Amino acid sequence: MSDVKFNVDGKDISARKGMTVMEACEENDIDIPKLCQHEALENLMACRLCVVEVNGKQITPSCGLKVNEGLDIKTQTEKLRKYRRMILELIYRCENHYCMFCESDGDCELQDLMYEYEIDRFEYPRMFPDWDVDSSHNHIVKDTNRCVRCGRCIRACDEVVGNQTLNLGGRGITNEVIVDSGVPLGESTCTSCGMCMQVCPTGSLSNKHSLFKGNKDECELTKSTCLSCSIGCCTDVYTRTGHLVKIEGTDIDKESGGQLCERGRFKPLVDRGKRISNVIYRENGEESELSLQEGLEKAASILGNSNEISAFASGGLTCEILDAFSKAMRAHGALFDVVGAKRYRFETEVKRRINMIEGHFINDITEVMKAENILLYDTSIYNTHPVLASYIRRAASKGTKLITIDAYEDRFWNHSDKSITIESPKTQLTRLVNQVIKEGKASIEDLSRVSSILGGLRVHPEDVMEIVNLLEEASYDIIVIGCEIIDRWSLRHIFELAKLEGSYVISLNKASNQYIRSLETEGVYEEPEVAYILAGEDEENEDMIKLVENAEFSIVQSSKKSELTDKADLVIPSLSTFERNGTTIDINGKKKEVELAMEPKGEMRSEIAFFEELADKR
Amino acid sequence: MGKNKPKVATACMCGCSGCHMSFLDVDEFVKDLAELVEFQSSHVIMDIKDIGKVDIGILEGTITNDENVEVAKKMRENCDILVAWGDCACFGGIMTMRNFGQIDNILEECYVEKGDEDSVVPDDDLIPTLTKKAKSVDEVIKVDAYIPGCPPSAEIIRYGLEKLLEGEIPKLDKDKLRY
């Protein structure tokens, strides 16, 4: 791109054609005030604080002004300061800002600007509008009293999250940010990702769980990686005096726009559970407490005296812990599995069986935004991989055709062009699609004939034709397979379909750490003598609970009290996610750092050392 | 006491006296200050509450009733330089939250709805009448200097007083300004 040269405050700068004056100034460290502009969002020119003087006559917002050869820009004249002060005061007077008891006091962009422009008195009378506070949402408080109508939340919800929940409603002084068609936030189509809150410049949208726990300056910041799913979003973890205050997304420059999801942002703040701090041993209905060392000896002796051991680990652990745990378990002759690994094993097996080349598989999930058509099997990705779900919604909003297939409710109902509800297995549907593609385009009548022959089939011929058309009309189509699909036949038919149509596949599994792809795992005994569960954040996993119930003796290692620890015979404390240090591998195969954000609480200091000792006690 | 020392009076209107408390945080500067100025009246550090003729008048708090109006006007008449001290005096502060509603409804809600069955809205000549809206000081009288903060820190108070004693009107720049 060609360079454009122009002048800002007497300094010659050059910028690439197509940039705005604001972007060019930012690159050259020239400060321009702003409230509505945000690097992850399209410019709206709502706040007008970024006004600059152009060629000595015109005053215009710099976020909407494209660079042009020879422009003469002034950013800091007395006239501009006067206007900006006026704008700030008008923004302030329209609502009820009380810094003193605002959660954002100290983290507020409006407050910073009021300081910058030295506003110590008001020229205009204030309005004191009477707004209600909306606290109906589980995690977010929406307070119009502190809103500056910058529209960042609205744009973030639309452009980044692809959900279009927030809108502007009303006119003039009754203008406000509304949710859907004016419902409370807690009853809306909100996905609870909290992106609106993250971009809010004031305290208008704030996190219920971190209210008044400290502003950013008072907290310690740790840059880490989210272990809620395999997307592995980069996070800013804020802690204060060893307690979690809040978590924010950071990948502003990436496609994700810095978003996180409900699980990544809020779950650690809400659902901390009761901490397991001691080893608990249960025998004949009696419960006793042991020291960590005694617990280790106990576990070692039980493992040493058993032949059928099933070891099952959470997929949300670091590579180092998974390694240490698997080594310790192998040393005791256990079969070893990780949450999500089963699906990956099936996938590999099916791939090999049908000779499917790796080229069909996409690991970069942002590719869905480039696809012409998307076929989505299992819409539970809305919960399991919410950031991918946001990309699919964004694609669909921009015109990508989306067909969803789910046994239950279509979580993409307001974005999909076609929702197919078909109970498991999806095999029949996919098989018919394959058949139609292979044997030439059969008419709907032919299909009806097939379906009547097969009898009892719940597949609608129209659905089959829709999918056939979807895949045939596009040159770049992506099939996304959610993690609930774990039967080999469904996978096989879907893979065959992709192979036949030259479609690309994004295949997801439940493991947050894709280290499982290189780790040796296998199916474990379903009714073992001993089950050793390393629960991580998967304490609600059904397979884990089943294993504990079916084992003669069960050992559960977990950081918090849960159904699992209640049922276990031996409970060993473990670290919580934010007390761990290590690495994780995301869906793209990229190694990411998981940083220790809080000092371990309790006797357990290092799980790796624990497992090494357990392995030695063979 | 020296004859030429500037005289200072402070008064609190509808507020929490937090600004006055914060003033006490200036610690040993109080000693220097006593050398430099003469306090004519101040409700937290002396017994004299009646405002007399002074050079510098300092007002804390919001104007919410007719007594506040009277105090403010009296201070204005008796001082050369009037300082609005703290967020309430400068901007209106927390007391302006009552401006969202009608005063009668608010009194009813506070005294009747939230009280027990015998509660009534107080009605006595001794009780100052509430103004229709809670106001910042400059909505009622002319203000010469603004020192916002909730409360302004001891350093800011000291800075403001020092400037005033140097004969300047203090103006807080972006590094000193904190609400």
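Reply: B:Asp50 is partly exposed, because its relative accessibility is 48%, and it forms a salt bridge with B:Lys74 in which the closest N and O atoms are 2.9 Å apart. This pair links distant parts of the chain, since B:Asp50 sits in the loop between strand E2 (38–41) and strand E3 (56–60) of chain B while B:Lys74 belongs to helix H3 (residues 66–78) of chain B, 24 residues apart. B:Lys74 also counts as partly exposed, in its case at 34% relative accessibility. The model is a predicted one, and these values are therefore computed from predicted coordinates.

In general, side chains of opposite charge can pair when their charged atoms come close. Over all chains, a search of the whole structure finds 41 salt bridges. Some salt bridges share partners, and one such network joins A:Asp120, A:Arg121 and B:Lys171.

Within chain A, the side chains of A:Glu297 and A:Lys617 meet in a salt bridge with an N to O distance of 3.8 Å. A:Glu297 lies in helix H8 (residues 292–304) of chain A and A:Lys617 in the segment after helix H19 (607–616) of chain A, so this pair ties together parts that are 320 residues apart in sequence. A:Glu297 is partly exposed at 38% relative accessibility, and A:Lys617 is likewise partly exposed, with a relative accessible area of 32%.

Another salt bridge, between A:Arg353 and A:Glu349, has an N to O distance of 3.4 Å. Both of these residues lie in helix H10 (residues 341–353) of chain A, 4 residues apart, which is about one turn of the helix. Here A:Arg353 counts as exposed at 55% relative accessibility, whereas A:Glu349 counts as buried at 18%.

As for the charges of chain A as a whole, there are 76 positive and 105 negative side chains, and the centres of the two sets lie 3 Å apart. Chain A has 19 helices and 27 strands. Its radius of gyration is 28 Å, close to the 25 Å that the globule rule gives for 618 residues, so chain A is as compact as a globular protein of that length. The C-alpha trace of chain A spans about 85 × 70 × 45 Å along its principal axes, and buried residues make up 59% of the 618 residues. Of the contacts in chain A with a separation of 6 or more, 67% are between residues 24 or more positions apart.

The backbone deserves a separate word. Most residues other than glycine have a negative phi, and most peptide bonds are trans. A:Arg48, although it is not a glycine, has a positive phi of about 65°; this residue is found in the loop between helix H1 (21–27) and strand E3 (51–54) of chain A, and it counts as partly exposed at 40% relative accessibility. A:Glu118 is not a glycine either, and it has a positive phi of about 50°. The place of A:Glu118 is in the loop between helix H3 (109–116) and strand E6 (133–134) of chain A, where A:Glu118 is partly exposed with a relative accessible area of 23%. In chain B, the peptide bond from B:Cys150 to B:Pro151 is cis, with omega near -10°, and B:Pro151 lies in the loop between strand E7 (145–147) and helix H6 (154–165) of that chain.

Methods:
Residues numbered from 1 in each chain as written. Chains lettered and ligands numbered in written order. Predicted model: local features only at pLDDT ≥ 70, side-chain atom pairs only at ≥ 80, totals over all residues. Heavy atoms only, no water. Helix = DSSP H or I, 4+ residues; strand = E, 2+ residues; numbered from the N terminus. Buried < 20%, exposed > 50% of the residue type's maximum accessible area, 1.4 Å probe, protein only. Rg over C-alpha atoms; globule rule 2.2 N^0.38 Å. Contact = heavy atoms within 4.5 Å. Lys, Arg positive; Asp, Glu negative; His and termini not counted. Charge placed at Lys NZ, Arg CZ, Asp CG, Glu CD. Salt bridge = Lys/Arg side-chain N within 4 Å of Asp/Glu carboxyl O.
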